[in-house]
Amino acid sequence: MNIARRTFLKLTGGAGALAAACAAGLVSSGRVLAANWNKTGFESKALADVMKSLGATGATESKDIIITAPDIAENGAVVPVAITSKLPNTQQISIVAEKNPFPLAATFDVSGGGEGYVSARIKMGQTSDVWAVVKADGKYFTARKEIKITVGGCG
Amino acid sequence: MAEPMKIRATLQGDVADVRILMLHPMETGQRKDSKGQVVPMHFIQSVVVTHNGKTVLDTQWSQAVSRNPFLGLRIKGAKAGDKIGVTWVDNKGDKRTDEVTVTPAS
Amino acid sequence: MPTTRGGIAAILFACLAAWGAALAQSDDPLGVGRKMLAEDNPGELWIEQGKTLFYQKRGPKNASLEQCDFGMGPGKLDGATARLPRYFPDTDRVQDLESRLLTCMVQLQGFNRDDIVKRAISPGGSNGSDVEALALYITSRSNGMKMNVSLSHQKEHEMFKAGEYLFFRRSGQTDFACVQCHGEANKRIRLQDLIHMTDKKGVQEVVSTWPAYRGAHFVVRTMQWRLYDCFWQMRLPELKYASDTSIALTTYLHYQGNGAVIKVPGFKR
Amino acid sequence: MGKACLKWTMLGSLALVFAGCATYPDPATTRQTAEKMVSEDFSAPEPTLLKRLVQDKSQQICSKIGDAKLTQEEAAEVVKLARASIQYPASGKLVGDWKAGDKLAHDGAGDRIQGGRLEKLKENGGLCQNCHALAPGEINVGNVGPSLTGYGLQRGNSEAIAKLTYERIYNAWAYSPCSNMPRLGATRHLTPEQVTHMVAYLLDPQSPINKR
């Protein structure tokens, strides 16, 4: 176990917690969730289920979606991901980290003058493909990029 | 208690480049504190960004969004002096709204 | 087994292949992320907090820090950190930002020194400490200004020389001094870049970027923490907060970093 | 007169030089001042741990300030002290278990002091990954020290190589006086048995470090 990982573990309370944190359940929260919050999607454990919850099953790959993110992230707790969609009439952008226990990290509904661009930072437990799922003009498109994680970050 | 956000909205041509920093623990509900107590789940679920009162971005987040979150977006058809409003709501019902005006590129 | 030319070539190839795999996707596989994180630095969220704490009446004496003299006169903050550490006649000591802050919090506000020191370095993943927020706010008032530390007082000279001595002083079970990790260009501990501090540009990067937001800790850290944490990794006993050893090393680094333009908060991975 | 004063003199402000310039203390005084600081400025859960701050003879010699070089005599003394420090495992076997060595090489923990507590683990990590490239393709490795990728492929695994490797890990200064490499065995950071595992990790053809 390396030193940075140890420092990180100090914050998370040990190796067990690291694994457990990645598997954090949303189900048992008992909290009031926002009305339009995609509970099904956020609780899905498999990429296919996430896609289904978004209505994006069978989405096609598009070169008009650009993922800006590091090839190697130094800290899995803070992985910057920006998504640019050049697709006309971009309506929604989702960020999905395939190998996270709950892959769907965020969904952004774009309206009005909002451009097809969002930038955020997510936690990643391990090296994984990160998918951008974009709804444009009623259809779904995807792009993906592998991000290597040297220190996991599901705290 | 919800701390103020740090919002920058800078005009580039007719596009406002909006950058938002929020102070929030984004707890997964699995982390233990130094005393071994589980820190309850606490994370922002929704962030809504408005441009002169009209919603331009409506986001849904999971706890996989990093602590002290950042959100960047761009808004077309903006001009200096336009109002950009940001509201976040977390799973405990805490919320925070801040507003800035779009500034010309320096 | 004698090493053949072919063997060497194979090894070289293996090394190159390993690096190649890491570098294939871009010239700097880490750079993109570093830039993205530094551009929007959550550390900025603590500047306002520090400002509020500075002007608020606090402590047993119910006083603000407005009468605190960081060397430019009471309450004069613009450019003050650019000249720290420096000699203060009232305490007859060379003090860095954090130790001076402690002096004021004790003398003006009546706080207990030990209590502040105990909390000065906040736990990772917390909301940070008062000292961290205050140090950031006060340093931010020197943003855009050049580091300009003077050694005109005898005690400042002595601190500088002691700091230099300590920078090269090896001890403990790792046989490390500062220079073992910070004496060469382009070195890394694992993936983390090590700043080349015996080089002008390197040391300028150090002195102009603290306090900084530490990504892995989610809080603002100060130079005192940076030094403490280095000694921790070196397996040495715990460096006392605002001790002369810490101030000597800071004096050594800051003086050599003169001319660096201060820009805080920095962002550290 | 110190460097700063000289600079000011060049600026032409002689009055300022004489009014404001202090002289640098001589090296002996600086040493005294700084050593006093070290003796007062650190805390530890047990007083014996403070002894870590006390330099041994070799560390004193190896703490040259700036670009100052070791003299031949100093280098010879460091080598001599290093040679005398090397202890071999009771078993006499210098090549241990490469799998244990692999684990150690990637372990950077043990024996640190924080919050008034000593990090006492079953064993200390070997720290290798911090500074050396290890198996091919490993990304999260440092470069303060030379790459160890293919170490055994280059050298083979003869008894002589095993002995040399053991000694270099146990006390690197026996071969490179005052190098940056910690004297891992001599300072008791690692046990002789742990060092044999590292030797195996470096030399065994099955070890990932020797895979292409």
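## Contacts between chains D and C

In this predicted model, 71 residues of chain D are in contact (heavy atoms within 4.5 Å) with 54 residues of chain C. Local features here need pLDDT of at least 70 and side-chain atom pairs count only at pLDDT 80 or more, while totals for chains, interfaces and linings use all residues. Residues are numbered from 1 along each chain as its sequence is written, chains are lettered from A in the order in which they are written, and side-chain values use heavy atoms, with hydrogens and water left out.

## Buried area

Put together, the two chains bury about 5600 Å² (accessible area lost with a 1.4 Å probe, summed over both), and 55% of that sits on carbon and sulfur atoms. Y24(D), F42(D) and R112(D) supply 11% of what chain D buries against chain C, more than any other three residues.

In one of them, the side chains of D175(C) and R183(D) meet at 2.6 Å, N to O.

## Strand pairing

Strand 7 of chain C (residues 238–239) runs antiparallel to strand 1 of chain D, and two bridges join them. Strands here are DSSP runs of E, at least two residues long, numbered from the N terminus, and two of them pair if DSSP finds at least two bridges between them. As for who faces whom, E238(C) has S43(D) as its bridge partner in strand 1 of chain D.

Notes:
Salt bridge = Lys/Arg side-chain N within 4 Å of Asp/Glu carboxyl O. Helix = DSSP H or I, 4+ residues; strand = E, 2+ residues; numbered from the N terminus.
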